[in-house]
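The following exercises are to be worked through with the sequence and the structure at hand. Each task is followed by its solution in steps.

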Number of protein chains: 2
Amino acid sequence: MAQAQPRVGRWPRPAANRLLYIEVALPLPEKELISKLRHQSAGKPRLGSVRIGIGDDCAVLRIPAGHEALVTTDFSLEGIHFRRDWDAPEVIGHRCLTRGLSDIAAMGGEPIAAWLSLALPLSVSQKWVDGFMRGLLRLARRFGVQLAGGDTAEALRDIAADIVVLGSVPQGKAVLRSGARPGDRIYVTGALGGSAAAIASLLHSGALARPADYPQHFRPLPRVEVGKRLRGIASAMIDVSDGMSTDLAHLCEESRVGAEINAESIPRARVGRTRREVLREAALHGGDDYELLFTAAKGKRVPFQMAGIPVTEIGEITRKGKIMLMGDGLARELKPLGWEHFTR
Amino acid sequence: MAQAQPRVGRWPRPAANRLLYIEVALPLPEKELISKLRHQSAGKPRLGSVRIGIGDDCAVLRIPAGHEALVTTDFSLEGIHFRRDWDAPEVIGHRCLTRGLSDIAAMGGEPIAAWLSLALPLSVSQKWVDGFMRGLLRLARRFGVQLAGGDTAEALRDIAADIVVLGSVPQGKAVLRSGARPGDRIYVTGALGGSAAAIASLLHSGALARPADYPQHFRPLPRVEVGKRLRGIASAMIDVSDGMSTDLAHLCEESRVGAEINAESIPRARVGRTRREVLREAALHGGDDYELLFTAAKGKRVPFQMAGIPVTEIGEITRKGKIMLMGDGLARELKPLGWEHFTR
């Protein structure tokens, strides 16, 4: 009850000049917000391993015997990763957690719990926060992931979310970026470029795209089940978050190998009302698809479809450090032109 | 080599209008920054449990057999938790990690690894980032904690850091907030109010305080060793981060008990050139001290000093839900007047 009234912080930390803000839509006081999240997140975790969730200094959880822990953290920042005028809060919350789950999938892991750090300017409405949490928690439930904690804070101007996902994988079975060997075949799940096409459409027309036309942008689904089945099959794996050309470069660098990609075989997403194929450039360099890019030894049987998701062979690992794009009778270097922060 | 030149993100996410910024001091491109962090963080983890650190989709680590995992996340936001004109970057980095380590200490845990998510506006110099990392990594080394990953991103305007710390504790031995029982004695480590006094001094004079005068503000040390020794002694524990009155209220709420605090016995920090005691109000409500507040059963022997840190008895847990401050022959309710976000 005492928490229901806004209170004055008597010993302010070096704080915002709050007069800068239009305080029409104050989010709930922190304790109430946490209490609400705690109530919403009281789901049954799949592995029954979160012993203490929201409400203590740390979450306490058990990693299944014979398993290793996987940990990943990903920002979702307003103006950088999302725009409030482009996407509904549910979509932003959904994508926020997708980023973390996709990293767990890329190791062949099973997600267990998530932590959300959420900084909100005072001008953000509780309705927006509720929508964001609805999108995030719906995806969490779908993957049996418990929201086990996090942090809330006031932000000066822009919304900042940081998602942490902890998962597990049987000891020594994590699929690393560094395991690709010359001769290995390169595969990708699903189709690429759908999210980039949505953003290109938004940038071009300024209008909100119909979610049904761009499912990869509005509701990307992390390939957790495919990732798990690829343990023992994939020699190396990464998720396509920055763009295929950039993520393949990461994988090749960690494995100290090169690659040849067949331009024709790259699966391109179909978008818009007419289900047109995206441009090849979007499939090569577009980010935020959350598909899996992996390699497997030449002789290894890789299904054409896994957990209902198509799997396509797109090239081969080479000894040389370069990544070449083959097609139209030409071989040219494929430069990593996906997303990198702090570059222009 | 290819990463040394800034590159153009060809498929931009909804991004900043970068023309707003004076781009005189571009941080390193993301890959270079990560590479630099990876090099800097190549420390020896105490428990040898981080198998894969920076450079893959997730970190992979082992939790010691018979132990549970502890996870905590804490924001450090520019304008909210720190100001660049008040503190050197080393101090901001140091405090950023302290927040996470202190939560591990408050569970009686042993920290293992940390993940740093760091969003930087383009106007932040690499020198600032280096200083921040120096402060953070020096503290990490001191506590045998490995920087095992994180995320880097461009921020529109303000620096945002989110620290995740993972630790471990023998199964079932975590000291929770919820274990306090009527009759238990209440204790606090060290002295309180030193950080609040530094901020009050800064707000009052506008001048930078001498770090040596306010060690609790400039170089707070998380009470990890004390926390570990309190396993089996403390019935409940929390760290003093929001302010004693607020953190005690959290502990009492989770334990469904009340408390009586003896105003006279609260250890007050000594600050400034003259080592004067801080005001009682600063000790009661001031945040960011990172001391431990804990309870222990009446008969339990609690040392006056643990790992070189004084331990002071300050009150008793009661059955009633209120927290009372006793002193000067009066009993009055102690309202939680520490820091809470989203309140005025």
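**Exercises with worked solutions**

**Exercise 1.** State what confidence accompanies the model.

*Solution.* The model is predicted, with ipTM 0.85 and pTM 0.87. For chain A the average pLDDT is 86, and 86% of the residues score at least 70. Residues 1-26 of chain A have a pLDDT below 50, although this stretch has 70 contacts in the model beyond near neighbours in sequence.

**Exercise 2.** Classify the aromatic pair A:Tyr187 and A:Phe294, and locate its two members.

*Solution.* Over all chains, the structure holds six aromatic pairs. In the pair of A:Tyr187 and A:Phe294, the ring centres are 5.2 Å apart and the planes stand at 15°. Planes under 30 degrees apart count as stacked, so this pair is stacked. A:Tyr187 belongs to strand S7 (residues 185-189) of chain A and A:Phe294 to strand S12 (residues 291-296) of chain A; the pair therefore ties together parts 107 residues apart in sequence. Both A:Tyr187 and A:Phe294 are buried.

**Exercise 3.** Describe the pair B:Trp128 and B:Phe132.

*Solution.* This aromatic pair is stacked, at 5.4 Å centre to centre and with 20° between the planes. B:Trp128 and B:Phe132 are four residues apart in helix H3 (residues 126-142) of chain B, so about one helical turn separates them. Both B:Trp128 and B:Phe132 are buried. In chain A, A:Phe82, A:Trp128 and A:Phe132 form one aromatic cluster.

**Exercise 4.** Which strands stand at the edges of the six-strand open sheet?

*Solution.* The strand order is S5(A)-S4(A)-S6(A)-S3(A)-S2(B)-S1(B), with mixed pairing. Strand S5 (146-154) of chain A and strand S1 (50-52) of chain B each have a single partner strand, so they stand at the edges, and one side of each lacks a neighbour in the sheet. On average, neighbouring strands of this sheet are turned by 25° against each other, direction ignored. Within the sheet, S4 (residues 110-120) and S6 (residues 160-170) of chain A pair in the antiparallel sense over nine bridges. A:Ala119 has A:Ala160 in S6(A) as its bridge partner.

Note on methods
Residues are numbered from 1 along each chain as its sequence is written. Chains are lettered from A and ligands numbered from 1 in the order in which they are written. This is a predicted model: local features need pLDDT of at least 70, side-chain atom pairs count only at pLDDT 80 or more; totals for chains, interfaces and linings use all residues. Side-chain values use heavy atoms; hydrogens and water are left out. pLDDT is the predictor's confidence in each residue, from 0 to 100. Contact means heavy atoms within 4.5 Å. Rings of Phe, Tyr and Trp (its six-membered ring) pair if their centres lie within 6.5 Å; planes under 30 degrees apart count as stacked, over 60 as edge-to-face and the rest as tilted. Buried means under 20% relative accessible area, exposed over 50%, partly exposed in between (1.4 Å probe, protein chains only). Two strands pair if DSSP finds at least two bridges between them. Axes are lines fitted to C-alpha atoms, for helices over the stretch in contact, and angles run from 0 to 180 degrees between N-to-C directions.
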